[in-house]
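Hi everyone, thanks for coming. I'd like to walk you through one structure today, so please have a look at it first and then we'll go through a few details together.

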Amino acid sequence: MDLLIPEYGLLFWQLVVFSIVLIILAVFVWKPVTEALRTREAMIEDSIKSAELAREEMLKIKADNENVLKEARAQRDQLLKDAMAVANKIKEDAKGETAIIAGKMMADAKSAIESEKNAALSEVKNLVSSLSLEIAEKIIREKLSDNKAQRDLVEKFVKEAKIN
Amino acid sequence: MSGYIEKSGYIENMRANEYTNTYKNLIYSVLICLLSVFNIQETVASDGGETEKFNIGEMINHHIKDSHVWEITHGVVIHLPIILYSAPDGLVVFSSENFFNEGHQEVPYMGYVLEHEHISRQDGVSVLDFSITKNVLFIFIDAFIMLFVFLAVAKGYRKNIGKAPKGIQSLFEPIIIFIRDEVVKPSIGEKYQRYLPYLLTLFFFIWFGNLIGLVPGAANMTGNIAVTCVLAIATFFITNLSGKKTYWSHIFNTPGVPWWLRPIILPVEIIGVLTKPVSLMVRLFVSITAGHIVVLSLISLTFIFHSWMVGFGSTVIVTLITIIELLVATIQAYVFTMFTSLYIGMAVEEHH
């Protein structure tokens, strides 16, 4: 039965020792420990959050990069297309100009040829008239008596001249 | 007495077959241990024919009760200091060795008499005994281990700020977090931080005390009602001093009870306030003391039966019981902390 009756000596010591341990531990251990735990937990939570944020940021940057790349690609395509068009235009223009120049050259050539021809023709006419004068001279010199013969001869000469 | 006759018949039977049917005997020995009741006094005839008295009840009582000497094992005794106060002498301090003569008999010293661990004055004047008894010594040891361990743990937190725990710090951190997150926080709620230091100290004091008590030769410190009484009183005061309006109105103005039932309910409620710490006190005391009694009783069987068979059987069972006791040591510390948190939680609750 005396097992169930608390002894005052033991009560006293237990009270004293437990109180001292409680105070020492509360001040020097539990306070710093719980604070350290709380700070660390907060830090871990923050780290996780910031990691999440960084991940999102990275995804955004990645998407941005993709967009920039896409834009660049589109721009390049546009530039290429424009360049092609310009090149084509230049080609077409060059073709047109060439044609015009060629036409002009042709026309020049033609007019040159024409003038040459005319010159040549006038030369020929001059030659013919001088030849005719020569012939006429010759005829006059040889046979001026025979009328008929004269006439025939003239006709013959005229015919020849007309052909030319 | 019939149980005794049956048992002695059993012993004779066993002795006859001792070396012929070993396995069967081993099973019997285990069964005997299981069926035995503790606290039996037996007189067993030794081999020499002389009778030798072995009083288990006395031995067990001697172990589980407090003492002014620490008998680690038979014959190895540490004499502890006696601190007494009485009006004529004032404060007196001396070793308990003075109470024993060469023949280990209790003798009076300076007018004081030690009888059945109770010190009185020969002249009848009342005396206050504040001696460092075996249990007080173990309270000191428990406190010392706690301070040693947790100051080291706190040092770890100062050293590794914001880093992963190391060494002894990482051993106790999960337990501290377990108590905080699984026991204290859910029971008390938001205001748990005010009570956390007390509850952590409580848990580790009981747990370490229980574990120290399992060491052979150690005292049954947490199985002493004075020790559990102080812890229960601390819980009682903390609970009631932090009681909020809801808590007191629940006691004095129990909701949902008709007015004519109030005179019956009020005493019940007040008894309820008192039974909470009493249940804490008795639960821890009983579970730890019972564990010690069971282990000692089983060991005593060997000395009752004077048989190595029984010794083998009881050793096996004692080993198993000790493993269970390790579990009980932890569970009881957990339960005490858990209930204390629940009571505080009930007291600080603001509304329903």
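So, a quick one to get going: is B:Phe178 buried, partly exposed or exposed? The answer is partly exposed, with a relative accessible area of 37%. Before I go on, keep in mind that this is a predicted model.

Let's stay with B:Phe178 for a moment. Residue B:Phe178 sits in helix H5 of chain B, residues 168–188.

Now, a second ring pair. B:Phe150 and B:Phe204 have a centre-to-centre distance of 4.6 Å, with 55 degrees between the planes, and this pair is tilted too. Again, distant parts of the chain are linked: B:Phe150 belongs to helix H4 of chain B, residues 134–159, B:Phe204 to helix H6 of chain B, and they are 54 residues apart. Are these two buried or exposed? B:Phe150 is buried, with a relative accessible area of 0%, and B:Phe204 is buried at 0% as well.

If you zoom out from that pair, you find a cluster. Ring pairs join A:Trp30 with B:Phe150, B:Phe172, B:Phe203, B:Phe204, B:Trp207 and B:Phe208. Over all chains, the count comes to 28 aromatic pairs.

Which residue has its charged end over the ring of B:Phe339? That's B:Arg283, whose charged end is 4.5 Å from the ring centre.

Okay, on to helices. In general, two packed helices are described by the angle between their axes and the distance between the axes. Take H6 of chain B, residues 192–214, and H10 of chain B, residues 308–348: they pack at an angle of about 160 degrees, with their axes 9 Å apart. That makes H6(B) roughly antiparallel to H10(B), because an angle over 145 degrees counts that way. The crossing of H6(B) and H10(B) is right-handed. And what is in the contact of H6(B) with H10(B)? There are 16 nonpolar residues, six polar and one charged.

H10(B) packs with helix H9 of chain B too, residues 262–305: the axes come within 10 Å and cross at roughly 175 degrees. So H9(B) is also roughly antiparallel to H10(B). The contact of H9(B) with H10(B) has 19 nonpolar, nine polar and three charged residues.

Last topic: backbone angles. As a rule, most residues other than glycine have a negative phi. Now look at B:His306, which is not a glycine but has a positive phi of about 50 degrees. Where is B:His306? It lies in the loop between H9 and H10 of chain B, and it is partly exposed, with a relative accessible area of 40%.

B:Met110 is another case, with a positive phi near 50 degrees. You'll find B:Met110 in the loop between strand S6 (90–95) and strand S7 (112–115) of chain B. B:Met110 is partly exposed, at 46% relative accessible area.

Note on methods
Residues are numbered from 1 along each chain as its sequence is written. Chains are lettered from A and ligands numbered from 1 in the order in which they are written. This is a predicted model: local features need pLDDT of at least 70, side-chain atom pairs count only at pLDDT 80 or more; totals for chains, interfaces and linings use all residues. Side-chain values use heavy atoms; hydrogens and water are left out. Axes are lines fitted to C-alpha atoms, for helices over the stretch in contact, and angles run from 0 to 180 degrees between N-to-C directions. Helices (H or I, at least four residues) and strands (E, at least two) are DSSP runs, numbered from the N terminus. Angles under 35 degrees count as roughly parallel, over 145 as roughly antiparallel, 65 to 115 as roughly perpendicular and the rest as oblique. A crossing is left-handed if the near helix is turned anticlockwise from the far one by less than a right angle, and right-handed if clockwise. Ala, Val, Leu, Ile, Met, Phe, Trp, Tyr, Cys and Pro count as nonpolar, Asp, Glu, Lys and Arg as charged, and the others, Gly among them, as polar. Rings of Phe, Tyr and Trp (its six-membered ring) pair if their centres lie within 6.5 Å; planes under 30 degrees apart count as stacked, over 60 as edge-to-face and the rest as tilted. Buried means under 20% relative accessible area, exposed over 50%, partly exposed in between (1.4 Å probe, protein chains only). A charge sits over a ring if NZ of Lys or CZ of Arg is within 6 Å of the ring centre and within 35 degrees of the ring normal.
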